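Please look over the sequence and the model shown here before reading the notes.

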Amino acid sequence: MKKQVSPSIVIDYTGMMSSAQNPKGFKKEELLGLQNELDQAQTALSSLRDSGKLDFSKLLDPMKAQLSMIVEYADNVVSKYDNFVVLGIGGSALGPLAVHQALNHYYYNELPSEKRSYRPRLYVMDNIDPVRFNELLQILDPRKTLFNVISKSGNTSETMAQFLIVRNTLRRVCGESYAEHIVVTTDKEKGNLLPIVLKEGYQRFVIPAGIGGRFSELTPVGLLAAAICGIDVHQLLEGALAMDQWIRDSKGVYSNPAQLRAALAHLSGQRGKNISVFMPYADGLKTMADWYAQLWAESLGKRFDRQGRVLHVGQTPVKALGVTDQHSQVQLYVEGPDDKVITFVTVDKFKETREIPMDLELPEDIQFLSGRTLEELLYAEQKATEYALTLAGRQHQKLILPTLDAYNVGQLLLLLEWETAYMGELLNINAFDQPGVEEGKNGTYALMGRKGYEARKKEIEEYGEVRYVLDGMI
């Protein structure tokens with residue numbers, strides 16, 4: 001029996017291509033002109049995958065085998081805790097939060113327990129603001145809370161600081177049972193967290209060695225939180241696998257969705273469009289824009305190419321939300337500098353509908369809304385924004401999800417990850433490192449007194465000895 005294929009994401013790139021309404025758009029020949037480079041990219045990425053160095057794709061199938069362990073653990077703990085708190089930063093926080101917001105009730109934490117299927121509330125602590133951190137601990141009962149510490153290296157200063165505070169609190173409140181309230185997601189064989197885990201007996205899940213944080217959502221980093229909160233992680237992976245197969249099996253810019261998206265982004269960059277706007281028209285995808293921003297910025301913002309030549313490349317990602325940001329950003333996109341390319345993300349069918357009441361006593365200027373639905377209004381606003389951009393000669397494209405479900409969110413994650421990998425090849429850079437981020441980490445270690453960083457601390461303290469400050473004092 002032939003396997004049933006679920007509806008897939010559609011890429012509508014009409015607004016990127018040349019037409020009577022959009023004479024500045026790309027011609028088909030321009031896209032085809034990149035095919036040799038895209039073929040080379042496909043060969044290079046396939047080789048990386050075969051050698052085990054493209055783990056966001058390579059490990060999807062093996063990850064299916066781990067789902068039973070993740071789901072079994074989740075099912076065993078959900079009845080024991082009222083709260084599940086993720087301690088992580090970057091992809092360790094943005095991925096779990098993006099998937100949770102996309103697939104669960106928008107006000108999940110405010111729902112009565114029975115409407116959450118008696119599953120814990122989810123909190124993601126992705127920063128170290130002391131006020132916010134203290135206020136979270138003030139509202140949680142540690143005895144009814146499970147904390148997920150996510151750090152591959154155990155060197156992440158922010159996460160380790162949160163962990164030390166939480167562990168101290170749990171020891172004080174829960175006594176000898178404190179370890180039951182901590183689950184750690186870290187490296188299999190090394191890192192600073194591993195010896196603590198082994199000594200203190202925490203439940204542990206493994207971050208695969210070849211996975212960077214921004215590519216880690218479809219590993220235990222994201223799958224555990226999703227399973228805890230009742231998301232169908234099997235369908236999430238199935239969608240990712242379907243998109244992965246489509247991309248790996250397809251040849252040609254007009255057949256391969258990752259090649260198409262990367263080619264359009266590359267051509268846009270060559271025309272000076274150095275800003276990539278990601279604009280969902282569904283509140284459930286609002287945090288997906290944050291996740292995309294990290295993926296695009298950290299992967300592609302690089303100083304050097306692979307030969308060590310100085311490039312300073314990378315589009316700046318900007319997150320927006322339709323229709324909210326039609327009233328805050330679209331004025332700039334339509335009439336400001338022509339340095340942006342815009343990706344709308346829309347959903348064909350929403351899980352809910354809402355009719356606007358009919359009232360014939362309303363002023364005539366708003367009567368046209370009566371009897372229509374909120375999704376009709378949303379679609380109209382998005383289409384009108386597309387049209388305004390087209391009239392202004394501004395390029396845009398659209399990702400269309402059939403529905404906002406686990407399968408399609410899995411597809412979306414993999415499409416954007418593969419697109420990023422292809423873009424790295426077109427730019428001749430390493431899309432999987434982050435040397436600029438590491439420099440900031442090392443500076444933090446130095447200023448906080450970590451051994452071995454004394455010279456760096458001296459350098460930083462000497463920087464800017466002459467200061468220019470306006471303090472408002474009279």
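The notes below cover the domains, the annotated positions and a few helices.

This is a predicted model, in which local features need pLDDT of at least 70 and side-chain atom pairs count only at pLDDT 80 or more, whereas totals for chains, interfaces and linings use all residues. Residues are numbered from 1 along each chain as its sequence is written, and side-chain values use heavy atoms, with hydrogens and water left out.

**Domains**

- The protein is divided into domain 1 (10-52 + 239-427), domain 2 (55-231) and domain 3 (438-463), with bounds that come from an automatic or database domain assignment.
- The centres of domain 1 and domain 3, taken over C-alpha atoms, are separated by 39 Å.

**Annotated positions**

- An unreviewed UniProt entry lists Glu298, His327 and Lys441 under "active site", and such annotations may be inferred rather than shown by experiment.
- These residues span 144 residues in sequence and their farthest two C-alpha atoms are 37.1 Å apart, so they do not all gather at one spot.
- Of these residues, Glu298 and Lys441 are included in the lining of the largest pocket, where a pocket is an open set of points on a 1 Å grid over the protein atoms alone, a 1.4 Å probe fits, protein lies on both sides within 12 Å along at least five of seven lines, and lining residues have an atom within 4 Å of a point.
- His327 is found in the loop between strand 10 (316-319) and helix 13 (330-335), helices (H or I, at least four residues) and strands (E, at least two) being DSSP runs numbered from the N terminus.

**Helices**

- The end C-alpha atoms of helix 10 (residues 233-249) are 24 Å apart, which agrees with the 24 Å that its 17 residues should span at 1.5 Å a residue, the expected span being 1.5 Å times one less than the number of residues.
- Buried residues of helix 10 include Val233, Leu236, Leu237 and Gly239.
- Helix 5 (residues 91-103) is mostly covered, with twelve of its 13 residues buried, among them Gly91, Pro96 and His100.
- Arg167, in helix 7 (residues 157-174), counts as buried at 15% relative accessibility.
- Not counting residues up to four places away in sequence, Arg167 touches Tyr178, Ile182, Ile196, Glu200 and Tyr202, contact meaning heavy atoms within 4.5 Å.

Definitions and conventions
Buried means under 20% relative accessible area, exposed over 50%, partly exposed in between (1.4 Å probe, protein chains only).
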